[in-house]
Every structure is written in C-alpha cells, then in structure tokens.
Amino acid sequence: MIHHLVITKGIPMFKVCEMFYRLTKKYAIIEVPDVKDSQVQLLSKWNTIYNNKYSLKKFEEEFSKSFEIIEKLEIKNTKRILYLLKKHY
C-alpha cells in the first residue's frame, strides 16, 4: 500500500505517515516493499517522477518521527519488510 500511495499517487511519505498516525490508535503493522521489489520496479517504470521519493530509508526516517519501530521482520523470499510500529503520543 505504501508504494502505491507514494509512487502511483505521488503522495509524499510524510503525508502517508500523517494519515497512518491519524488512523492508528496505538500500534500499526505495515508491509513495506524495498525498491528492488518487482512491484516497486514496475510502478517506478510508469511513474519516474516519484522514483527518488520512495525507499525503506525514507519510510523509516518519516515514520520514526511519529512512531517507534518496535520490530522489523524480513519476509522470506521477498524484498519486503514487515514493520511493527507504536504510536508516539
């Protein structure tokens, strides 16, 4: 979902973070594909304007301002990370 919002819709990562912050009561679990993920690669081909706006690093930088990253789990045989986040109050 994150990659679709940022790459396809052109929503800045900080705005995506704000949306999750408003929608989350305490915890959030978010799957974030790496830029090497096949779907991210496909989306990036069609939306080259947003290529440099999306990365795991940018996700962590923006989301760590509003959330504590409790756990990161690499999903086997994929280029995706599952994040467990706790909202800062």
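## Exercises: sheet, core and rings

I29 stands opposite L84 in β3. The model is predicted: local features need pLDDT of at least 70, side-chain atom pairs count only at pLDDT 80 or more, and totals for chains, interfaces and linings use all residues. Residues are numbered from 1 along each chain as its sequence is written, and side-chain values use heavy atoms, with hydrogens and water left out.

**Exercise 1.** Work out which strands pair with β3, and in what sense.

*Solution.* Strands (E, at least two residues) and helices (H or I, at least four) are DSSP runs, numbered from the N terminus. Two strands pair if DSSP finds at least two bridges between them.
- Take β1, residues 27–33. Seven bridges join β1 to β3 (residues 80–87), and the two run antiparallel.
- Take β2, residues 67–74. β2 also pairs with β3 in the antiparallel sense, over seven bridges.
- Check the link. β2 and β3 form a hairpin with five residues between them. N77 in that turn has a positive phi of about 60°.

**Exercise 2.** Find the residues that touch the most other members of the largest nonpolar core.

*Solution.* Such a core is a set of buried Ala, Val, Leu, Ile, Met, Phe, Trp, Tyr and Cys residues joined through side-chain atoms within 4.5 Å. Buried means under 20% relative accessible area, exposed over 50%, partly exposed in between (1.4 Å probe, protein chains only).
- The core has 21 residues; I2, I30, V32, Y54, F59, F63 and L85 touch the most other members.
- Now assign elements. α1 (2–8), α2 (13–23), β1, α3 (38–46), α4 (56–63) and β3 each supply at least two residues of this core.
- Inspect I2. Contact means heavy atoms within 4.5 Å. Among the residues I2 touches are M13, F20, I30 and Y54, not counting residues up to four places away in sequence.

**Exercise 3.** Describe how F59 and Y83 pair.

*Solution.* Rings of Phe, Tyr and Trp (its six-membered ring) pair if their centres lie within 6.5 Å; planes under 30 degrees apart count as stacked, over 60 as edge-to-face and the rest as tilted.
- The structure holds five aromatic pairs.
- F59 and Y83 form a tilted one: 4.7 Å centre to centre, 50° between the planes.
- F59 lies in helix α4 and Y83 in strand β3, so the pair ties together parts 24 residues apart in sequence.
- Both residues, F59 and Y83, are buried.
- Widen the view. F20, Y21, F59, F63, F67 and Y83 form one aromatic cluster.
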